[in-house]
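Here's a quick briefing to read with the model open in your viewer.

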Amino acid sequence: PEISLTNGELRAVEALLRWRHPSGEIYPAALFIETAEETGMILDVGRWVLRRACGEAARWLEHHPEHPLIVRVNLSSLQLSEAGLLEDVDDALVSAGLTADRLCVEVTETAMLHETSTVRSNMAGLNRRGVRVAIDDFGTGYASLTYLRRYPIDVVKLDRTFVTNLTTRAQDEYIAAGIIEMAARLGIGVTAEGVEHLEQADLLRTLGCSGAQGFLYSPAVPADQVLEMLDQARALD
């Protein structure tokens with residue numbers, strides 16, 4: 001879940017992939033994504049994730065039209081370089097009956113590092129459709145500012161490495177403040193990742209950060225629990 005630092009409301013969710021292994025264990029993405037990318041299976045997995053995430057977002061919207069959420073879906077470098085990406089996005093949106101403005105794709109700076117004509121075409125196509133684009137783990141890659149200038153970016157995700165010591169290390173506060181101010185001047189939103197303490201959230205709010213994710217608010221939850229969170233929010237209205 002992603003919380004608005006302005007009013008405390010649930011405003012978006014990031015889809016995180018888990019694998020229920022035959023052993024019964026639940027594997028986080030870090031244990032298998034690299035293999036999926038090396039074998040090319042990430043393309044099939046990515047299509048499934050897009051369809052599933054859009055389907056869940058449409059279900060939440062059906063139950064709570066008064067509280068539309070944005071669903072953020074991570075794209076791998078292979079997906080971003082794939083000629084069929086836009087077709088996959090269209091298919092996921094149409095199958096779910098979800099409008100493009102409810103979907104946000106997250107790409108890392110590393111995924112955009114090897115820029116090709118297909119990457120440029122895919123980024124332009126996402127923009128034409130109204131699909132939002134976020135740069136994940138912002139500030140840890142190689143050419144962040146270049147991408148902000150070259151592509152229509154809607155959100156930057158402030159990496160947790162800048163958030164962890166935000167209130168105890170002046171350098172991290174200055175970096176965070178600089179990123180937030182720069183993004184504001186460019187008309188780009190900022191979401192802070194890894195927010196675990198109220199003091200971090202308060203400082204981020206003071207600096208002008210608009211959104212936050214982290215254990216202070218909620219761990220990753222099953223899709224049905226997101227619906228419960230929306231039910232609770234409506235009950236409080």
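Let's start with a helix pair: α2 passes α10 in a right-handed crossing. Bear in mind that this is a predicted model.

**α2 and α10**
- The axes of α2 and helix α10 (residues 223-236) come within 10 Å of each other and cross at roughly 25°.
- Angles under 35 degrees count as roughly parallel, so that's the label for α2 and α10.
- Sort the contact of α2 with α10 by class and you get five nonpolar, one polar and four charged residues.

**α2 and α4**
- Helix α2 (residues 42-63) also packs with helix α4 (residues 85-96), at an angle of about 30° and with the axes 8 Å apart.
- That angle makes α2 roughly parallel to α4.
- The crossing of α2 past α4 is right-handed.
- From α2, the contact uses Arg-47, Leu-50, Arg-51, Cys-54, Gly-55 and Ala-58.
- From α4, it uses Asp-88, Val-89, Asp-91, Ala-92, Leu-93, Ser-95 and Ala-96.
- Seven of the residues in the contact of α2 with α4 are nonpolar, two are polar and four are charged.

**Strands around β2**
- Strand β1 (residues 2-4) pairs with strand β2 (residues 10-15) in the antiparallel sense, over two bridges.
- To find your place in that pairing, look for Ile-3, which stands opposite Leu-10 in β2.
- β1 and β2 form a hairpin with five residues between them.
- In the turn of that hairpin, Gly-8 has a positive phi of about 80°.
- β2 also pairs with strand β5 (residues 70-74): the two run parallel and are joined by four bridges.

- Asp-137 is worth a click: its phi is near 55°, a positive value in a residue other than glycine.
- Asp-137 lies in strand β7 (residues 132-138).
- Its relative accessibility is 27%, so Asp-137 counts as partly exposed.

Terms used:
Residues numbered from 1 in each chain as written. Predicted model: local features only at pLDDT ≥ 70, side-chain atom pairs only at ≥ 80, totals over all residues. Heavy atoms only, no water. Axes fitted to C-alpha atoms, helices over the stretch in contact; angles between N-to-C directions. Parallel < 35°, antiparallel > 145°, perpendicular 65-115°, else oblique. Left-handed = near helix turned anticlockwise from the far one by under 90°. Contact = heavy atoms within 4.5 Å. Nonpolar A, V, L, I, M, F, W, Y, C, P; charged D, E, K, R; others polar. Pairing = 2+ DSSP bridges. Buried < 20%, exposed > 50% of the residue type's maximum accessible area, 1.4 Å probe, protein only.
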